[in-house]
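Morning, everyone. Please bring the model up on your screens, and I'll walk you through a few places in it.

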Amino acid sequence: MPDETVDAVVVGMGPGGEYVAGQLAAAGLDVLGVDHRLLGGECPYFACIPTKMMLRGSGVLAEARRVPELAGTSRVWPDWTPVADRISDEATSGWDDREAVSRFEATGGRFLRGTGRVTAPGEVTVTTSEGEHVVRARRAIVLNPGTEPKVPPVEGLADTPFWTNREAVRTRRLPTSIAVLGGGPVGVEFAQVLARFGTETTVIESGPRLLSHYEPEAASLLTELFADEGITVRTEDPASGVRHDGSRFTVELASGERLSVERLLVATGRRTDLRALGVGALGLDEDADTVEVDERMRAADGVWAVGDVTGHGAFTHVSVYQARIAADDILGRDPVPADYRASPAVVFTDPEVAAVGLTEAEARERGLPVRTGTTEIPSSTRGWIHGPGNAGLIKVVVDTERDIPVGATVVAPSGGEVLGALAVAVQTQVHMAQLRRMILAFPTFHRALESALDDVDG
């Protein structure tokens with residue numbers, strides 16, 4: 001394969017990389033997109049889309065089990081097959097990216113399957129099945145390498161057939177029992193899905209609580225709900241050793257307790273190998289966890305980075321947001337600089353845990369004078385009407401000096417949708433007086449915001 005020169009080379013074709021590459025190609029640039037994985041990245045094949053299909057299935061089961069309390073009689077027999085079929089047939093096309101490649105090539109770009117590595121300023125070497133291919137970029141290199149599951153250094157773990165999210169998404173048979181290492185968003189979503197389909201589930205979190213980056217009230221509520229659903233949560237008792245005897249895992253905890261389970265799911269975070277990406281050739285720290293970018297996504301001269309690798313959140317919506325900025329900057333369109341103060345995040349458990357802006361602890365760490373207001377969803381009219389499955393809360397964090405909300409958390413059915421108004425308020429820095437004058441539709445979960453705002457005033 002001969003070497004070549006293009007206008008732009010995009011290393012990593014996840015949602016952000018695909019967007020940048022498509023925009024540059026549509027603008028008439030000669031663009032080469034490079035990825036050794038499926039075009040589209042983790043989200044459509046192993047994360048956002050298939051896992052939400054799993055959660056949809058488990059949510060239907062939960063609602064069916066609530067029928068006796070609300071509307072009659074029901075008996076539920078979980079069956080994973082429809083979920084597995086939907087993931088394979090509808091979401092991933094059997095984990096085949098030909099349609100995605102065709103969609104990208106229709107913009108005028110070209111796709112090369114291989115592993116891209118920066119080997120000099122303005123140069124990327126791609127290792128393909130046919131050998132190495134050197135690509136020189138006249139105008140831009142865009143880095144969107146995505147992440148790989150981070151496997152903790154637990155004794156014996158690396159030698160066992162553990163699952164990550166990728167194996168769990170592909171499975172056509174659920175285990176009878178499972179231990180989930182990690183109580184972050186990925187861990188808790190999978191835990192609830194598996195438990196609702198009949199798997200005996202234990203979550204092992206090394207820290208003091210689930211969802212460590214969210215408000216502690218949200219974590220406490222979710223832990224209580226997990227207990228009600230039969231999910232065991234072990235905090236501050238990390239795994240110290242793992243063994244597999246050919247059929248079952250034995251997980252030894254720091255406390256000395258041993259768990260015997262059919263499967264082990266590792267959900268302890270994500271990582272990017274910057275050394276393998278070759279950022280040292282750009283003068284960047286290849287031993288760092290992330291690539292530092294400015295407000296226009298510039299990482300070095302002629303180099304932009306978007307997505308997880310920038311450290312601004314492992315979310316598709318952040319990656320695409322950054323991709324718009326990077327594409328505009330490369331094309332000389334003078335983009336609006338990046339602003340993350342109202343970056344939202346949603347954990348799609350039941351109830352959903354949604355957050356925007358700063359938590360109370362983060363605001364205080366920054367020295368902001370804050371007050372908070374909290375209300376319980378069951379005490380709202382809509383929560384009371386909803387009945388079973390109505391657990392939740394709304395918490396608002398207010399900067400009292402500027403009289404504006406700087407953060408909020410919603411735990412509720414459809415909590416991610418309820419978060420919308422609060423995200424707008426944090427982004428636009430709406431004054432509390434204006435928020436209090438809003439007319440909120442009755443009876444909605446959204447309307448519980450009034451009580452949270454009242455609570456700010458004591």
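Let me start with a definition. A charge sits over a ring if NZ of Lys or CZ of Arg is within 6 Å of the ring centre and within 35 degrees of the ring normal. Keep in mind that this is a predicted model.

Now find tryptophan 95. The charged end of arginine 170 sits over its ring, 4.5 Å from the centre. Next, go to phenylalanine 46. Here the charged end of arginine 166 sits over the ring, at 5.8 Å from the centre.

What about the rings themselves? How many aromatic pairs does a search of the whole structure find? Three. Phenylalanine 46 and tryptophan 95 make one of them, and this pair is stacked. The centres are 6.5 Å apart, with 25° between the planes. The pair links distant parts of the chain, 49 residues apart. Phenylalanine 46 belongs to helix α2, residues 42-46. Tryptophan 95 is in the loop between α5 (81-91) and α6 (98-105).

Are these two residues buried or exposed? Phenylalanine 46 has a relative accessible area of 12%, and the cut-off for buried is under 20%, so phenylalanine 46 is buried. Tryptophan 95 comes in at 14%, so tryptophan 95 counts as buried too.

Another pair is tyrosine 321 with tyrosine 340. This one is edge-to-face: 6.1 Å centre to centre, 70° between the planes. Tyrosine 321 lies in helix α11 (residues 316-330) and tyrosine 340 in the loop between α11 and β18 (344-347), so the pair ties together parts 19 residues apart in sequence. Tyrosine 321 is partly exposed, at 29% relative accessibility. Tyrosine 340 is partly exposed as well, at 24%.

On to the cores. In soluble globular proteins, nonpolar side chains tend to be buried together. In this model, the largest nonpolar core has 93 residues. Which members touch the most others? Val9 and Leu143. Setting aside neighbours within four places in sequence, the contacts of leucine 143 include Val11, Val118, Leu277, Trp304 and Val309. There is also a second, separate core of 26 residues, with Ala354, Val410, Ala423 and Val426 among them.

Last stop: the second largest pocket. About 430 Å³ of space lies in it. Its lining has 20 residues. Nearest the centre are Leu55, Gly59, Thr349, Asp350 and Glu352. Two elements, α3 (48-65) and α8 (185-196), each give two or more residues to the lining. Which gives the largest share? That is α3, with seven residues.

Conventions. Residues are numbered from 1 along each chain as its sequence is written. This is a predicted model: local features need pLDDT of at least 70, side-chain atom pairs count only at pLDDT 80 or more; totals for chains, interfaces and linings use all residues. Side-chain values use heavy atoms; hydrogens and water are left out. A nonpolar core is a set of buried Ala, Val, Leu, Ile, Met, Phe, Trp, Tyr and Cys residues joined through side-chain atoms within 4.5 Å. Buried means under 20% relative accessible area, exposed over 50%, partly exposed in between (1.4 Å probe, protein chains only). Contact means heavy atoms within 4.5 Å. Rings of Phe, Tyr and Trp (its six-membered ring) pair if their centres lie within 6.5 Å; planes under 30 degrees apart count as stacked, over 60 as edge-to-face and the rest as tilted. Helices (H or I, at least four residues) and strands (E, at least two) are DSSP runs, numbered from the N terminus. On a 1 Å grid over the protein atoms alone, a cavity is a set of points where a 1.4 Å probe fits but cannot get out, and a pocket is an open set with protein on both sides within 12 Å along at least five of seven lines; lining residues have an atom within 4 Å of a point. Grid points are joined across faces, edges and corners, and a volume is the space filled by probe spheres set on the points.
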